[in-house]
Amino acid sequence: MDIKQSRSDDILVLKLIGDLDGRTAPAAQAQILEVLPSDERVLLDLSELGVVTSAGLRTMLLVYRQAQARNSTVGLVGLSQELHGILSATGFLTFFVVSDTVDDGLSELADVPAQRSGVR
Amino acid sequence: MTDVIRADLDWVDSFPTQQVAGYDVRPGRTMPFGATLVSGGVNFSIYSSAAKAVTLVLFKQGEPEPVAELPIPDEFRIGSVWSMTVFNLDYEGIEYGYRVYGPSEVDFRDRFDHTQILADPYARAFSGRNEWGQEPDRSNIYPYRSRLTFEDFDWEGDQPLRIPSVDLVIYELHVRGFTRDPSSGVAQPGTYAGLIEKIPYLKELGVNCVELMPVFEFDEFENSRINAETGERLYNFWGYSTVGFFAPKAGYAATGKFGMQRDEFKNLVKEFHKAGIEVVLDVVFNHTAEGNEYGPTIHFRGLDNRTYYMLTPEGFYYNFSGTGNTLNCNSPIVREYVLSCLRFWASEYHVDGFRFDLAAILGRGPDGAPLENPPLLESMAFDPVLTDCLLIAEAWDAGGLYQVGSFPNYRRWSEWNGKYRDTVRKWIKGDEGVVGDLATRLVGSPDLYWARGACSSINFITCHDGFNLADMVSYNDKHNEANGEHNNDGANDNNSWNCGAEGPTDDPEILRTRTRQMKNAMVLLLTSQGVPMILAGDEVARTQHGNNNAYCHDSELTWMDWNLVDENQEMLRFVSNMIAFRKAHPSLREGHHPHGGDPVGCGYPDVSWHGIRAWQPDWSPQSRLIAMMRNGHNIEGDDNHVYVASNTHWEDHRLELPGLPDGMRWHLFADTAAEAPADVAVPGREPVLADQHGISVGARSSVVLVGRAVAPS
């Protein structure tokens, strides 16, 4: 798992390359959480993601939860049809701003107002 | 200011002490039983009263042979519990099981066999049947494999709904059958996710509780066979044969092949709750999928046979369940097992209650004799985690114990009221000698539930077992040939009437009678005191072509046909308006049994009975006509009168109506003899009756009136 970090205006873009499974998820998770900003917007580019297992999905959920706690919003782009199906069936899709391309994702995230806090 | 405690970093014992078979391990924690993810590893804990040794067997996911076998050192054992923490496991990629070695002195009650790999009875997920209907590999040495799981979930504040029992309208459905048919139009047919897409339909119908037929892991290929006559493959479609009590069925999850069934099921519960609909699980604790002496060894049999099963003095299985074995529910060990399972589903999955299949077995002692005060039933009734859960007993078993009305209840348990079903069916088809019993059923069966309250009566006319509503009015006899048992299976006492022709017909008069009879049933069900339960599909007159025991069909026979929603719009409208009517009239759904008093001071008894003449019911055995007047308050708290007349005679009758207080008029809510849309009104917008003194009730028809003040125009 390789994570490429870039920035477009004030949006952090993280491109996940490779498999996200029980073996790679812990390291990927640590890496993402380390750079996860507060009061901002983050776009996960999954277009070059290989195999995703339940551990990988857990990582995405944890990133979402952490982002919420830091008042940040997470967007997803490049979801495979399969991954989209899993996220939809488990209800996780509603946690994220989902778009087709990085450009779409950036503009949709830019429209999202400052996030609510995840702490109720 | 110190930092918060991080259990994963701060625990002294989160480090291995030794190696077994090349794996880092340490003595495990005895509790909780099962496999638990802990700091750095997995804690495995399993008990057996008589085993002498236990080996943990690890597989890489899907591999035919184990990747490792780790004998649990005897010094790790505390009491009869073996526990071991194993470090650095790939929790996702591992499947686990146990080999359990029996004592050297063989006890005839035991069936230890260390050549078999046993599943963990506490496993929270299974692999092996991940996708429904995928032909299993029969040579697999370990077919139902325990999996490791995280149990966290983002509930977003969800809680069980705690809808008062008086307000419940239950809808019994089969997860796969409900959306499997292509006509469902859902993205992922036959799954938990697919069911979510039908929540708006259920909400519009007006039900507020779904009772899901078994969703614990089971094997649809159990007893699977090909019907020699039709060539069709038969399955265990219903699933009343549990493999994994702590695991949702993976094959019902669109994400089962990714091992995400737990999340998908939790999301289903969350979405139901968002819509104000409770989720009750139909659970099967009377027996297991291990069957009789010739059945497969899955877990209990090889782990602790004499503890988990009721055994004859000769060591054979008692068969009170009719399926080969009987779980020994009132042994202290099994009692604890069942309780922890229910607590798990209530707390981890937020389910709102349970319906217990063949629950009479849960009151039997280890020798099979019914107990006066069954410890298991008592424990459930008073369990702190289950306080808000519905506990519904199917209060009979296959061993002849019939406890409807007498189930050990601790004023806590409710029951599927089998007597309600039988009586109402007999009445609807026009039997004589039923009228008095019918009246008792309509007011919540006080003969059975006086001490417990009317909500202990789960009223139903149809359920998954037996004819559905359309077949109840279309067939005199069962037609189970497709089950491959020469029509010998299934109940014979259906109390059904085909209205003049057996099965499909073009005769418009017969078809009209059938529709009327279905509506009559819904009128009685939804104006009865107690909790009504509707079988999925009855609201659109779904047929099973006379099959009254369709447990083995995964086909159009058992799948909901969603085209019926349009085709039978008339029936759907009738049922949803009846449900709305029930909601609008609290007097129809109070917790106590009406008994002729006037508790709200409206000047009328809470229930009164009428016939051709007002206040003069005909209780003679030949009577086929009865009218019930219920008086109390409506939902706004105003005085309110509901009059339900049911005529099962083949002739029309003119009924004198009881008088109303000054300023109130009778309004017509439903008349099953009338052509739609005059058959039912929208609650609150019922037309006023022109003749306030009498009404004609058609042959085999029902009328529902509401007495209220005339709205100022």
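Across the interface of chain B and chain A, seven residue pairs are found in polar contact, with both partners at pLDDT 80 or more. That confidence value belongs to the setting, for the model is a predicted one. On the side of chain B that touches chain A, helix α5 (residues 261–274) of chain B gives the most, with four residues.

Two salt bridges are counted between chain B and chain A. In one of them, A:Arg58 pairs with B:Asp152, and the closest N and O atoms lie 2.4 Å apart.

The extent of the contact may be described next. The size of an interface is often given as the accessible area lost when the parts come together. Here chain B and chain A bury about 1,600 Å² between them, and 53% of it is on carbon and sulfur atoms. Of the area that chain B buries against chain A, 33% is supplied by B:Glu92, B:Asp154 and B:Phe258, more than by any other three residues. In total, the contact draws 20 residues from chain A and 19 residues from chain B.

Chain B may now be considered as a whole. It contains 30 strands and 15 helices. Its radius of gyration is 28 Å, close to the 27 Å that the globule rule gives for 713 residues, so chain B is as compact as a globular protein of that length. Along the principal axes, the C-alpha atoms of chain B fill a box of roughly 90 × 75 × 50 Å. Of the 713 residues in chain B, 61% are buried.

Key:
Residues are numbered from 1 along each chain as its sequence is written. Chains are lettered from A and ligands numbered from 1 in the order in which they are written. This is a predicted model: local features need pLDDT of at least 70, side-chain atom pairs count only at pLDDT 80 or more; totals for chains, interfaces and linings use all residues. Side-chain values use heavy atoms; hydrogens and water are left out. Contact means heavy atoms within 4.5 Å. Buried area is the accessible area (1.4 Å probe) that two parts lose on being put together, summed over both. A salt bridge is a side-chain nitrogen of Lys or Arg within 4 Å of a carboxyl oxygen of Asp or Glu. A polar contact is a pair of N or O atoms within 3.5 Å; within protein, one must be able to donate a hydrogen and the other to accept it, and residues adjacent in sequence count only if both atoms are side-chain atoms. Helices (H or I, at least four residues) and strands (E, at least two) are DSSP runs, numbered from the N terminus. The radius of gyration is taken over C-alpha atoms; the globule rule is 2.2 Å times the number of residues to the power 0.38. Buried means under 20% relative accessible area, exposed over 50%, partly exposed in between (1.4 Å probe, protein chains only).
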